[in-house]
Amino acid sequence: MAVARGSGTLAPVLLHAKDTNATDDSLVRLDGVAVGYDRHAVLRDIHFRLRRGSFTGLLGANGSGKTTLLKTLLGILPPVAGRVKYEGDNRVPTFGYVPQRESLDSIFLFTSLEVALMGVYGRVKPGRTIEAAEREWVRECLRKAGAVETERQRFSELSGGQKQRVLIARALAAKPDFLVLDEPTTGLDPAAAQSIIDLLQAIHREGKLTLLMVSHDLLTVRRYVQEVIWVHQGKIEQGRAEDLLTRRKIEEVLGLEWS
Amino acid sequence: METLREIFSLFRNSLCISLLVGLVCPLVGVFLVLRRLIFLGVALPQVSSCGIAAAFALHTLHIIPHLEGSTEHSLAFMGSSVFTLGAIAALSALERRGGGLVDGRIGTAYVLAGAWSILLLVKNPHGEHGLLERLKGEIIAVSNADLALTGITFGVVTAVLLVFRKELLLVSFDREMALTLRKNVRVWDLVLFGAIGLTVSMSVLSVGPLVTFGFLLIPPLMAHLLAKTMWQFMLLASAIGVAAAFIGFILAYRWDLPVGPTDVALLGVIYGATFFGKKLCRRSLALKRPAH
């Protein structure tokens, strides 16, 4: 378990994440990083690592700094202090990012295929058209995500679950080393949420991808993820799902009381 | 036919410039609508006309010297471009710093530009003549050189928007995704807003602020009602713009009206007809569906 210090709070133990010299299978490592906006730190002195091929849940109450941490990992926000280190030669991995679907404006008249095609833009030079082979690959990703039948439909008119599948296909189209999902099941009915999680689990198993998922759905997280990172009161706590998703821990972090 | 023949023989350049504005402004306006920056489409032409007024005022005061070979058009283009691109840069910088209301800043730019345009014009001897007409959207005397400059500028803008459509749409639709794909979103923003600034400057210079914001906004809004894909959205916006510019020019000539306001009024009529036509279509389709 790795724990980072929050502002003004003492950290408990720090295990593997502090051990920066160890040869390991880390894909991403944060050592003493502070994250936030406009030089204002939301989380300080963060230490943790993500193992290559792991499926990790990033959990915490609303406003705890989960999304800020996620955006820093992805390179969307620069760290306020410290550096995000990537595997061995510090090559930035290829990210597959699934944002919250509500953040995408419905004024854009994109079809599902056009949205999914954006995943390959990282490999296509500016001003160049997308080659047939790449288009076929994107269709394959849509097929894998169970959204190929929607390819001609307008993205903004799809159901929440269908949109999520298209966004997962888009992320897969990038041929990522690291798949990052921001609340993929929020707002979905239980059946749709379950099918999305099943899909993610299949992707994780087949592709040996590293997955990091922000979620509020603790039941789902507990059943499927291997590791958990809690963000709570400016602190980061990382460990195995079975250790950190106990009733006591959840009550402590979220201030819930279960009968 | 006779009217068309007269227009082509007497006002060929004016008609061409109207059609160019009708073609390119809606294409640029599509990006303003997609980025929900409609107010910017209203404010920038006003800022641009303020730039023209300022350039003439500075010229009258001999602060900008008369350069050999320079024309009134190039002086106006310089003022218009400097003010428009400067306003875009200032508004972007303020947005990056955060705080305050975006709409508030754009609204302030609009009213200040409007007020200063008038103040600079009333104290300028040019204001009584060509300059005021230019800002009112009277498209009468257009030289070959003016037409060529407009054509080249709009050609470059159109090429940029079409060639880099993929990148410009990505940074507009999902900025964070673009960042994770290691796209330089600031450079693409610069390209887009540079194209918007150049189009607005040239268009205000040619047809005035009223016509410019009319063509920037109304055709894309109308096209959005009808289009099913992004390509249709762009092509329809431009097609509506060209059609309105052409028909508006003919109506203005036949009824002896100023071209610019006629074009905008016509766009308004077509927009209203499209809106209500679409509503009627939807209602009749709903009635045809069998009740469960």
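Predicted model: local features only at pLDDT ≥ 70, side-chain atom pairs only at ≥ 80, totals over all residues.
Residues are numbered from 1 along each chain as its sequence is written, and chains are lettered from A and ligands numbered from 1 in the order in which they are written.

Chain B contains 13 helices and 0 strands, where helices (H or I, at least four residues) and strands (E, at least two) are DSSP runs, numbered from the N terminus. Read along the sequence, the pattern is α-α-α-α-α-α-α-α-α-α-α-α-α. The radius of gyration of chain B is 20 Å, close to the 19 Å given by the globule rule for 292 residues, so chain B is as compact as a globular protein of that length. Here the radius of gyration is taken over C-alpha atoms, and the globule rule is 2.2 Å times the number of residues to the power 0.38. Along the principal axes, the C-alpha atoms of chain B fill a box of roughly 75 × 55 × 35 Å.

What percentage of the 292 residues of chain B count as buried? The share is 45%, with a residue called buried if 20 or more other C-beta atoms lie within 10 Å of its own, exposed if 12 or fewer, and partly exposed in between, the C-beta atoms being placed from the backbone. Contacts tell a further part of the story; two residues are in contact if their C-beta atoms, placed from the backbone, lie within 7 Å. Of the contacts in chain B with a separation of 6 or more, 78% are accounted for by residues 24 or more positions apart.

Within chain B, one helix pair shows how such elements can pack. Helix 2 (residues 12-34) and helix 3 (residues 38-60) of chain B meet at an angle of about 130°, and their axes are 7 Å apart. Axes are lines fitted to C-alpha atoms, for helices over the stretch in contact, and angles run from 0 to 180 degrees between N-to-C directions. Helix 2 and helix 3 of chain B are therefore oblique to each other; angles under 35 degrees count as roughly parallel, over 145 as roughly antiparallel, 65 to 115 as roughly perpendicular and the rest as oblique. Helix 2 of chain B contributes B:G29, B:L32 and B:V33 to the contact, while helix 3 of chain B contributes B:I38, B:L40 and B:G41. By class, this contact has 4 nonpolar, 2 polar and no charged residues. Ala, Val, Leu, Ile, Met, Phe, Trp, Tyr, Cys and Pro count as nonpolar, Asp, Glu, Lys and Arg as charged, and the others, Gly among them, as polar.

B:P219 counts as buried, with 31 C-beta neighbours inside 10 Å.

In the loop between helix 12 and helix 13 (259-288) of chain B lies B:D256, which has a positive phi of about 55° although it is not a glycine. B:D256 is exposed, with 6 other C-beta atoms within 10 Å.

Chain A is divided into domain 1 (1-93 + 177-259) and domain 2 (97-176), with bounds that come from an automatic or database domain assignment. Between them, 16 residues of domain 1 are in contact with 12 residues of domain 2. Strand 7 (178-182) of chain A gives the largest share of the domain 1 side, 5 residues. The residues of that side divide into 11 nonpolar, 2 polar and 3 charged.
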